[in-house]
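Hi there,

Here is the structure I promised to pass on to you. Have a look at it first, and then read on for what turned up in it.

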Amino acid sequence: MIFRRDTWTEILSSVTKNKARTTITVIGVLWGIFIYITLSGAAKGLDNGFERQFERVAMNSMFVWTQQTSVPYKGFKTGRFIQLKLNDVRTLKTKIPEVQHIAPRNAKGVFGGDAPTITRDLKHGKYNVYGDFPVVVKIATKDIYDGGRFLNEEDIKHNRKVCVIGERTQRELFNEDENPIGHFIKIDNSYFQVIGIHKFVQGGGFEDDGDIYIPFTTFRKLYNTGENVGWLAIAAYNDADVIEVEKKVKKVLKDIHSVAPEDERAIGSFNLGEIFNKVQGFSKGLTFLSLVVGIATIFAGVIGIGNILLISVKERTRELGVRRALGATPNEVKGQIILESVFLTLVSGILGIILGALVLAGINAATQDVTDFPYTNPTVPIPYIIGALLIMIILGTLIGLIPAQRAVSIKPIDALREE
Amino acid sequence: MIVIKDLHKSYKMGSNVLHVLKGINFNVEEGEMVAIMGSSGSGKSTLLNIVGMLDLLDTGSYTLDGVPIVNLNETKAAKYRNKFLGFIFQSFNLINYKTALENVALPLYYQRVPKKERDEKAMQYLTKVGLANWATHLPSELSGGQKQRVAIARALAAQPKVLLADEPTGALDSTTSYEVMQLLQEINDEGKTLLVVTHEEDIAKMCKRIVQLKDGVIIEDKKVNQVRASEYV
């Protein structure tokens with residue numbers, strides 16, 4: 001019956017005979033599926049957005065720094081300041097196999113302290129200066145504009161006076177048509193050759209578009225920091241449990257620096273992986289919520305269809321009686337009503353999907369250039385759409401059963417008498 | 001063609017039982033045109049409904065074209081109706097959102113006749129009732145007489161054994177009534193068996209046989225000289 005063209009012609013002619021009512025019914029389900037599509041698309045967009053925010057940074061990375069002790073231990077008083085040393089890096093790497101990269105970092109300007117004055121010709125400004133190892137880009141990616149490069153091992157080995165500057169530094173210290181690569185800038189009292197310009201990426205934490213990176217070894221000489229390390233950026237292997245690694249790192253550092261194991265304040269840390277998991281959980285929750293809300297709205301819409309069909313069956317009692325007098329079997333009548341229900345559900349569903357897709361495309365176009373709002377490429381996975389369509393077919397059939405049963409529960413003779 | 005023996009039918013109305021048909025014995029031969037007359041409440045419509053398989057008999061037997069009509073469920077009744085019977089109603093009962101042609105083709109649709117063949121046949125019957133030019137019109141665009149003629153075409157479309165007409169002229173003025181009766185007589189002339197329920201004397205006289213019902217029994221069953229409707233038109 002479903003595959004006869006005639007069946008569909010019949011259904012089409014009966015659903016189009018009361019256009020206003022059909023339209024309103026269709027809007028009910030259309031609205032449901034529209035909400036479903038836009039909500040889950042938006043949730044996905046948010047999810048993608050978060051992912052983009054984090055894609056610059058290894059998702060299982062953390063930062064570890066030191067503070068003052070709060071518990072007396074091994075004869076040390078409280079309030080002792082702990083200093084991370086370069087040697088700690090080696091110890092950590094050997095003791096914790098889950099650690100993939102460790103980048104010891106020093107900085108001037110961030111976390112208190114004056115930013116160094118950077119001079120070039122007559123222009124000058126204050127910018128944060130970081131002493132870095134090349135491995136830092138394995139933890140937090142740095143995009144370098146064409147023609148330049150980031151720091152490398154040779155720079156470290158020879159204590160080269162080279163630097164990577166930020167977009168803003170370039171804008172503020174150099175002329176617009178000037179390529180800074182190869183030129184020299186003065187950091188405090190030493191001249192550094194510019195070897196690269198890094199592209200600023202939103203969401204990089206405390207770093208900004210004016211930051212200047214110089215080799216760790218050069219930094220050490222310049223500011224006389226010796227073996228001292230400001231903080232550690234650590235990336236664990238992808239399959240490692242970051243929270244566990246964080247605990248281990250802290251334990252090893254406490255060991256090295258004779259800090260009481262129960263001292264919670266001596267060593268500070270910021271676990272990106274943990275934050276990322278939370279954010280991911282949030283967007284998962286959002287997706288789930290949109291799924292529930294969307295399906296509930298579809299439900300409401302389909303129930304609306306059932307309602308309207310009930311009224312329609314009541315109105316068409318006489319017509320259905322005539323059809324049965326002319327030889328329509330109860331099953332044919334039932335089938336027709338159910339198919340009408342499914343047809344209405346599907347048509348409105350497909351319209352809703354199209355409308356939802358258009359709105360998502362519109363939102364996507366509108367947020368294309370917005371970088372500070374985590375929203376990228378809102379899409380609805382195909383299985384969700386197919387799932388929604390299946391749900392609609394099933395619900396449409398089930399809800400259609402009620403008016404269909406009602407249509408055949410009246411004897412044709414009574415139906416014909418109906419005025 | 002129709003053989004009815006000792007037919008009883010009663011309805012329950014709350015606590016009362018209404019005995020509508022009290023032992024009807026009634027035969028119709030092929031090619032007959034029978035008027036069933038009686039005042040309202042005489043049981044004539046109930047008889048027609050049972051003959052039309054729209055209603056079930058309580059006791060007795062009913063044979064249509066040699067087929068005993070027993071154990072009717074709705075599906076079986078629908079099939080029989082479609083195959084054996086054509087209905088003509090007082091209020092036409094055309095489907096208002098379908099054109100004249102589609103209405104006529106509807107019984108063929110339930111016979112699973114392909115669309116093209118269906119439309120051809122329907123057109124053929126519409127031509128027969130003189131409404132070929134109105135094929136694409138909706139019932140609301142037709143006059144009462146035209147509607148009844150479409151209904152007659154529809155009743156004929158499935159090539160039934162028997163046409164059942166329930167007050168076919170009840171909603172029409174007398175001129176139109178005679179036109180419709182003329183059409184029914186022509187159909188009967190071609191050999192189709194017709195059963196016409198009416199309470200109008202002049203309509204009944206246009207049939208070949210009049211059966212009088214009163215209080216659920218046949219009080220008179222006589223052959224009459226048919227008055228040709230064409231005399232009035």
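Setting aside residues within four places of it in sequence, B:M53 is in contact with B:Y62, B:L64, B:I69, B:L72, B:A77, B:Y80, B:R81, B:F84 and B:L85. Please keep in mind throughout that this is a predicted model.

**Where the chains meet**

How much area do chain A and chain B bury between them? The figure is about 2400 Å², with 56% of it on carbon and sulfur atoms. In terms of contacts, 25 residues of chain A meet 25 residues of chain B. Three residues of chain A, namely A:R4, A:L326 and A:I413, supply 24% of the area that chain A buries against chain B, more than any other three residues.

Helix α3 of chain B is worth a look here. This helix spans residues 100–110 and is mostly covered, with 10 of its 11 residues buried. The buried residues are B:A100, B:L101, B:N103, B:V104, B:A105, B:L106, B:P107, B:L108, B:Y109 and B:Y110. Which elements cover them? From chain A, the cover includes α1, α10 (317–325) and α11, and from chain B it includes α2 (74–84), α4 (115–128) and α5 (144–157). After α3(B) comes B:R112, which has a positive phi, near 65°.

One of the covering helices, α4 of chain B, holds B:K128. B:K128 and B:L183 are 55 residues apart along the chain, and their C-alpha atoms are separated by 9.2 Å.

**Cavities**

A search of the whole structure finds 4 cavities of 30 Å³ or more. The largest cavity has a volume of about 90 Å³. It is lined by 13 residues, of which A:S14, A:V15, A:R21, A:T22 and A:S312 are the closest to its centre. Four helices of chain A give two or more residues each to the lining: α1 (5–15), α2 (19–54), α9 (272–315) and α11 (330–366). By type, the lining residues divide into 4 nonpolar, 5 polar and 4 charged.

A:R21, one of the residues closest to the centre of the largest cavity, is found in helix α2 of chain A. A:R21 counts as buried because its relative accessible area is 16%, under the 20% cut-off. Beyond its neighbours within four places in sequence, A:R21 is in contact with A:I308, A:I311, A:S312 and A:E315.

Helix α9 of chain A, which also contributes to the cavity lining, is the place of A:F282. A:F282 is partly exposed, at 46% relative accessible area. Not counting residues up to four places away in sequence, A:F282 touches A:L46 and A:F50. A:F282 and A:W231 are 51 residues apart in sequence and 29 Å apart in space, C-alpha to C-alpha.

Most residues other than glycine have a negative phi.

- A:N159 has a positive phi of about 50°. A:N159 lies in the loop between α5 (153–157) and β8 (162–166) of chain A, and is partly exposed with a relative accessible area of 26%.
- A:N224 has a positive phi of about 55°. A:N224 is in the loop between α7 (216–223) and β12 (228–229) of chain A, and is exposed with a relative accessible area of 69%.

Best wishes

Notes
Residues numbered from 1 in each chain as written. Chains lettered and ligands numbered in written order. Predicted model: local features only at pLDDT ≥ 70, side-chain atom pairs only at ≥ 80, totals over all residues. Heavy atoms only, no water. 1 Å grid on protein atoms, 1.4 Å probe; cavity = no way out; pocket = protein on both sides within 12 Å on 5 of 7 lines; lining within 4 Å. Points joined across faces, edges and corners; volume = space filled by probe spheres on them. Nonpolar A, V, L, I, M, F, W, Y, C, P; charged D, E, K, R; others polar. Buried < 20%, exposed > 50% of the residue type's maximum accessible area, 1.4 Å probe, protein only. Contact = heavy atoms within 4.5 Å. Buried area = accessible area lost by both parts, 1.4 Å probe.
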